[in-house]
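Please keep the sequence and the 3D view side by side while reading this briefing.

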Amino acid sequence: MASLISLSSSSSSSSSFFSPMKSLKRLASLKSTTKIILRCRRTLTVSSVRSPETEPPPAVQAFWKWLSDEKVVSAKTPAKPGVVQEGLGLIAQRDIGRNEVVLEVPKRFWINPDTVAASEIGKVCGGLKPWVSVALFLIKEKQRKDSPWRLYLDILPDCTDSTIYWSEEELSELQGAQLLSTTLGVKEYIQTEFERVEEEVILPHKQLFPSAISLNDFLWAFGILRSRAFSRLRGQNLVLIPLADLINHSQAISTEEYAWEIKGGGIFSRELLFSLRTPVSVKAGEQVLIQYDMEKSNAELALDYGFIESRPDRNAYTLTLEISESDPFFGDKLDIAESNGLGETAYFDIVLGRSLPPAMVPYLRLVALGGTDAFLLESIFRNSIWGHLELPVSRANEELICRVVRDACRSALSGYHTTVEEVSLIMIVSGGVCLQFLVTFYLSWCLVTNLLVYFFFKFGYKSCF
């Protein structure tokens, strides 16, 4: 039997280009010595927000004046850019009520694939992935001194706090965490996409790209899009909205409703508007905040934006199970999986304090099925086999999946270069600066041991543990 099982990060990201991780999973053959590659998502904390303390820098003031001259904003606009702890944010100029419109940005000020198509590089970007074409457009415009987007580009940061910008030394602190392998995988993905676009577009069209474009330029553009692009908009899956993209996140806001929408400009205008609303009431002088995404894990928040939340349900393992093509029963197993809403690869989020996903154990039993239990794969059982898989199939099958889970947990804990006791000592010596790392390790231990305890009490096979 040669089935596959591994663990990779989830991909509930908000845009189609935000999901390269699924193609980056590491796999191991499921035999009696099978190992699951298991990683825990690192837990950090979200910085508190504060009101602005200084006047916006000249670049921000010039950006605001540009929008004012273009009639996008006025003195009556409820919020304007200000300096906050996160960098820049939107500050209420007066009291703003819940669900009140904060600002509206016309479509002519959006940057999306349509913007690229209408630009001078549009003719060579038609076959590119949408995010790649927009990234190339941002780099091109950033290099142009006379770019019509200059005042917007001047307020964009050189990098974000995303882990894709961390140094090797900083990334070493993530040893054992799933976020490390995901970050390295994303960086590899970006490099691959850059090499492809360099060979197919940039070098053959030097007249359109007279200035050198490096991998670091491409990494910058990727980070900007990942952290600032809006999605899930009517007909818009990837769009930058200048000014609106200064809005920051608050974990205290538990709803995404009323945050943003696309609507018509009124009976006398056919131009679309991006409308941003506040989901909560805001006092004058306070920062206007929204909830970025309730469904993202802490690993995804760290990768996208460079922060995480303290909510325990943001911390999860994503267990990836896969039926190997080398499995002699591959076709039968795949047919059964697809008949039950799954596929060759299945992803299951394991969240601390929650029950395991209901389809996880049956799928695990299916992946491990073989030997004398293989008769269940015969067509006569095809319509009823999933019901059988919801219960133990045989002692051999149950012991195998228990050993796999045990080995996965051991592998996860062995990935950390320190123990709980060692981190406790470091915390005492350093006066508490390592508290967050200790919490991280403890949560990792809790997730792993909870998984072990579940299988121990569920199946009762003490010999496996």
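A residue is called buried when its relative accessible area is under 20%, exposed when that value is over 50%, and partly exposed in between. With these words in hand, one can describe this structure, which is a predicted model. In helix α11, the buried residues are Met360, Val361, Pro362, Tyr363, Leu364, Arg365, Leu366, Val367 and Ala368.

**A pair of helices**

- Helix α11, which covers residues 360-368, is mostly covered, and nine of its nine residues are buried.
- Two packed helices are described by the angle between their axes and by the distance between those axes.
- For helix α11 and helix α13, the latter spanning residues 395-414, the axes come within 10 Å and cross at roughly 105°.
- Because angles of 65 to 115 degrees count as roughly perpendicular, α11 and α13 are described as roughly perpendicular to each other.
- On the α11 side the contact is made by Leu364, Arg365 and Ala368, while α13 contributes Asn397, Glu398, Leu400, Ile401 and Val405.
- Sorted by class, the residues in this contact of α11 with α13 are five nonpolar, one polar and two charged.

**The sheet of three strands**

- Strands of a sheet pair through backbone hydrogen bonds, and the pairing is either parallel or antiparallel.
- Three strands make up an open sheet in the order β5-β8-β7, and their pairing is antiparallel.
- At the edges of this sheet are β5 (101-106) and β7 (260-264), each of which pairs on one side only.
- Neighbouring strands in this sheet are turned against each other by 30° on average, with direction ignored.
- Strand β8, made of residues 272-277, pairs with β7 in the antiparallel sense over five bridges.
- Lysine 263 has leucine 273, in β8, as its bridge partner.

**The sheet of four strands**

- A further open sheet has four strands in the order β3-β4-β9-β6, and here the pairing is mixed.
- The edge positions belong to β3 (79-84) and β6 (248-249), each with a single partner strand, so one side of each is left without a neighbour in the sheet.
- Strand β4 (residues 87-92) and strand β9 (residues 287-290) run antiparallel and are joined by two bridges.
- Isoleucine 91 stands opposite glutamine 287, which belongs to β9.

**Serine 227 in its helix**

- Serine 227 has its place in helix α8, which runs over residues 215-228.
- Is serine 227 buried or exposed? Its relative accessible area is 16%, and serine 227 is therefore buried.
- A polar atom of the serine 227 side chain lies 3.4 Å from the backbone oxygen of isoleucine 224.
- When residues up to four places away in sequence are not counted, serine 227 touches Thr160, Asp304 and Tyr305.

**Two loop residues with positive phi**

- Which residue lies in the loop between α1 (58-69) and β3? That residue is lysine 71, and lysine 71 has a positive phi of about 65° although it is not a glycine.
- Lysine 71 counts as exposed because its relative accessibility is 72%.
- Asparagine 99, which lies in the loop between β4 and β5, has a positive phi of about 70° although it is not a glycine.
- With a relative accessibility of 25%, asparagine 99 counts as partly exposed.

Technical notes:
Residues numbered from 1 in each chain as written. Predicted model: local features only at pLDDT ≥ 70, side-chain atom pairs only at ≥ 80, totals over all residues. Heavy atoms only, no water. Axes fitted to C-alpha atoms, helices over the stretch in contact; angles between N-to-C directions. Parallel < 35°, antiparallel > 145°, perpendicular 65-115°, else oblique. Contact = heavy atoms within 4.5 Å. Nonpolar A, V, L, I, M, F, W, Y, C, P; charged D, E, K, R; others polar. Pairing = 2+ DSSP bridges. Buried < 20%, exposed > 50% of the residue type's maximum accessible area, 1.4 Å probe, protein only. Polar contact = N/O pair within 3.5 Å; in protein donor to acceptor, adjacent residues only side chain to side chain.
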